[in-house]
Amino acid sequence: MKVIIINGPNLNLLGVREPGIYGKESMETYLQQLRKDYPNVEIEYYQSNIEGELINKLQEVGFAYDGIILNAGAYTHTSIALLDCIRSLQTPVIEVHISNVNDREEFRRHSMIAPACKGTIQGFGMNSYRLAIEAFLL
């Protein structure tokens, strides 16, 4: 199985950015653990702060991978372009959020991309990514 985790804006700062919300662990450290825990799953990773680069990566992998785990960050709440892109892919996409977005600011409670995704996992910290991998393994 080949899965890619794609993270959007500001998620390059995991471990540093608002640790009370996002935790103190970096994505690099967490990826090492995921790869150790799932040796039969090829887990790739990509992050960009730029919406168009996220779309380019989704289109690049969206016809060849078994699953895409997407944390689009703030673009979740604003990007019709990401919605349209996800709808055009063959590879299923699971929307992931580290925090419980429903327990935060009002504007974070609406996802523009959710209608195109297989499902949404949120609020379990970094383990939200692990739960998405588990969902693909079912």
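## Basis and overall fold

Helices (H or I, at least four residues) and strands (E, at least two) are DSSP runs, numbered from the N terminus. By that definition the chain holds 5 helices and 5 strands. Read from the N terminus, the elements follow the order β-α-α-β-α-β-α-β-β-α. The radius of gyration, taken over C-alpha atoms, is 14 Å, close to the 14 Å that the globule rule gives for 138 residues, so the chain is as compact as a globular protein of that length. The globule rule is 2.2 Å times the number of residues to the power 0.38.

This is a predicted model, in which local features need pLDDT of at least 70 and side-chain atom pairs count only at pLDDT 80 or more, while totals for chains, interfaces and linings use all residues. Residues are numbered from 1 along each chain as its sequence is written, and side-chain values use heavy atoms, with hydrogens and water left out.

## Dimensions, surface and charge

The C-alpha trace of the chain spans about 35 × 35 × 25 Å along its principal axes. Of the 138 residues, 46% are buried, where buried means under 20% relative accessible area, exposed means over 50%, and partly exposed lies in between (1.4 Å probe, protein chains only). The chain exposes about 6800 Å², and carbon and sulfur atoms supply 50% of that area. Accessible areas come from the Shrake-Rupley method with a 1.4 Å probe; for residues, only the protein chains shown count as cover.

There are 12 positive and 16 negative side chains in the chain, and the centres of the two sets lie 3 Å apart. Lys and Arg count as positive and Asp and Glu as negative, with His and the chain ends not counted. The place of a charge is taken as NZ of Lys, CZ of Arg, CG of Asp or CD of Glu.

Contact means heavy atoms within 4.5 Å. Among contacts between residues at least 6 apart in sequence, 77% join residues at least 24 apart.

## Strand pairing

Two strands pair if DSSP finds at least two bridges between them. Strand β1 (residues 2-7) pairs with β3 in the parallel sense over 5 bridges. Within that pairing, V3 stands opposite G67 in β3, and I6 stands opposite L70. β1 is also joined to strand β2 (residues 42-47) by 6 bridges, and these two strands run parallel. Here I5 stands opposite Y45 in β2.

Strand β3 (residues 67-71) in turn pairs with β4 in the parallel sense over 3 bridges. I68 stands opposite V93 in β4, and I69 stands opposite I94 in β4.

## Burial of the strands

β1 is mostly covered, with 5 of its 6 residues buried. In β3, 5 of the 5 residues are buried, so this strand is largely enclosed by the rest of the structure. Both faces of β3 are covered: G67, I69 and N71 are buried on one side, and I68 and L70 on the other.

Strand β4 (residues 93-97) is mostly covered as well, with 5 of its 5 residues buried. V93, E95 and H97 on one side of β4 and I94 and V96 on the other are all buried, which leaves both faces covered.

## N7 in strand β1

N7 belongs to strand β1 and counts as buried at 0% relative accessibility. Leaving aside neighbours within four places in sequence, N7 is in contact with L14, M27, Y45, Y46, Q47, S48, L54, N71 and Y129. N7 and R104 are 97 residues apart in sequence, and their C-alpha atoms are 19 Å apart in space.

N10 is found in the loop between β1 and α1 (19-22). Although N10 is not a glycine, its phi is positive, at about 70°. Most residues other than glycine have a negative phi. At 37% relative accessibility, N10 counts as partly exposed.

G20 has its place in helix α1. With a relative accessible area of 80%, G20 is exposed. G20 and G123 are 103 residues apart along the chain, and their C-alpha atoms are separated by 13 Å.
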